[in-house]
Amino acid sequence: GGGGGGGVSELPEARRVAGVLVGMPYVVPFGTRLQLLRRWLVTQREGLAAEQLAAAALAGWHNPIEVRRGSLLTDAYSELRGLGRGWRLPLRVRFFSAEGGEEAGVGEGIAKEFLVDVLREGFDPSFGLFATGTEGGLYPDPAARMSHAAVGASARSWYEFLGAVLAKALWEGILVELPLAPFFLSLLLGRTNTVHDMPAFDAQLARSLRLLRDYDGDVEDLCLSFAVDQYTAEVPPELRRTHSLVPGGASLRVSASNRSQYILHLSHYRLNTQLRAAADAFLRGFAQVVPREWIRMFSVAELQLVLGGSDAPLNVADWRQHATYSGGYHADSP
C-alpha cells in the first residue's frame with residue numbers, strides 16, 4: 001500500500017507478526033491488532049523529530065489556524081487542504097465568533113472539538129458530500145458535484161480533506177461517532193462489494209433484484225435493459241444521465257438467460273464503480289496521516305470500532321491510557 005510513513009513491519013515488536021497481519025490478520029485477535037495500531041501511532045507521534053517541529057515553526061506552523069464559528073467547515077478547508085504530512089504535526093486552532101470576536105483559549109479541548117465538529121459538519125448529508133444508506137450508514141454521494149454549490153467541481157478535494165481529518169482524529173486517539181456505511185468502509189479497506197452488500201445501500205433495490213432473480217414469468221415483459229440512471233438522487237433534469245452497464249447496454253434487453261449478469265453488473269456499478277473516485281480521494285487524504293496498511297488489518301465491523309468505538313466493547317480507560325494529547329488538550333479535556 002501507499003501512504004508512506006512505513007509499513008506494518010516498522011516497529012521491531014511488530015515485525016514478528018507483520019507477515020501474518022498482512023496475509024491473514026484475523027489470526028491475531030482484534031484487541032492485539034488494536035494495541036499494535038495504537039503503539040504505532042504513539043511511536044510515530046513521539047518520533048516527530050525536534051527538527052521537524054522546528055522547521056514547521058519556521059514555516060509558520062507555530063501560528064494557530066483561524067476559523068469562524070459560522071463557517072467552520074469552509075474555513076477549515078481553506079486553511080488545511082493540501083497540508084500533506086503537516087497533518088501529523090500538533091494542530092492549534094483559534095476560534096472566532098460570528099461577530100468576529102476571538103474566543104478565549106487556543107488550548108484545552110479546542111483542537112479536539114475542532115476536529116469533531118469539522119467531521120460532523122462535513123459528513124452531514126445536508127452539506128451535500130455524503131448520503132445515507134437504508135440502514136443509516138454514510139457514504140459518498142455520487143451526485144455530490146451536482147447537488148451542492150459550495151462543493152462543485154472540487155468534490156474530490158473535499159473528500160481528500162475529510163479523509164485526512166478523520167485520520168488526524170485517529171492519530172490523536174480521538175473517537176468520532178460517525179456511522180460509516182459498511183460498503184464504504186469496505187472500499188477503504190481495498191475490498192470489492194457484491195450484491196450481498198446492497199441492503200445497506202438501498203433495501204428497495206436489493207428487494208427488486210431478488211424479485212428479478214426469482215421471477216418465473218417472462219423477464220422480457222419487465223422492459224429492463226443493461227442501462228440505468230447514473231444518479232439515484234434528485235438532480236436537475238438537464239444533468240440526468242443514463243449509464244450503460246455493458247457496451248451497448250441501452251439496447252440489450254434483460255432476459256431470463258442474462259438476468260444474473262444484469263444483477264451482478266448493476267450491483268457492481270452502484271456499490272463500487274460509482275463510489276470509487278470519492279473513496280480513493282478519501283483514502284488519499286487518510287493515508288497522508290495514517291498509512292492504509294494500518295487499517296487494512298481490520299474487518300469492516302472492526303474498523304468502525306477503531307474509528308468510532310460506537311456500540312463497541314472497547315475499554316475506554318485502556319484507550320485513554322494509550323492516547324497522547326497534543327495541540328493543548330489533555331486527558332481531562334471534554
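Biologist: What do β1, helix α4 and β2 make?

Modeller: Together, β1, α4 (residues 72-80) and β2 make a right-handed β-α-β unit. Right-handed means that, with the strands pointing away from the viewer, the path from the first strand over the helix to the second runs clockwise. Helices (H or I, at least four residues) and strands (E, at least two) are DSSP runs, numbered from the N terminus. This is a predicted model, in which local features need pLDDT of at least 70, side-chain atom pairs count only at pLDDT 80 or more, and totals for chains, interfaces and linings use all residues. Residues are numbered from 1 along each chain as its sequence is written, and side-chain values use heavy atoms, with hydrogens and water left out.

Biologist: In which sense do β1 and β2 pair?

Modeller: In the parallel sense, over four bridges; pairing requires that DSSP finds at least two bridges between the strands. Glu66 has Arg94 of β2 as its bridge partner.

Biologist: Turning to Arg259, which side chain of opposite charge is nearest?

Modeller: Asp214, 7.2 Å away; Arg259 is buried yet has no salt bridge (a side-chain nitrogen of Lys or Arg within 4 Å of a carboxyl oxygen of Asp or Glu). Lys and Arg count as positive and Asp and Glu as negative; His and the chain ends are not counted.

Biologist: Which backbone oxygen lies 2.7 Å from a polar atom of its side chain?

Modeller: That of Tyr215.

Terms used: Buried means under 20% relative accessible area, exposed over 50%, partly exposed in between (1.4 Å probe, protein chains only). A polar contact is a pair of N or O atoms within 3.5 Å; within protein, one must be able to donate a hydrogen and the other to accept it, and residues adjacent in sequence count only if both atoms are side-chain atoms.
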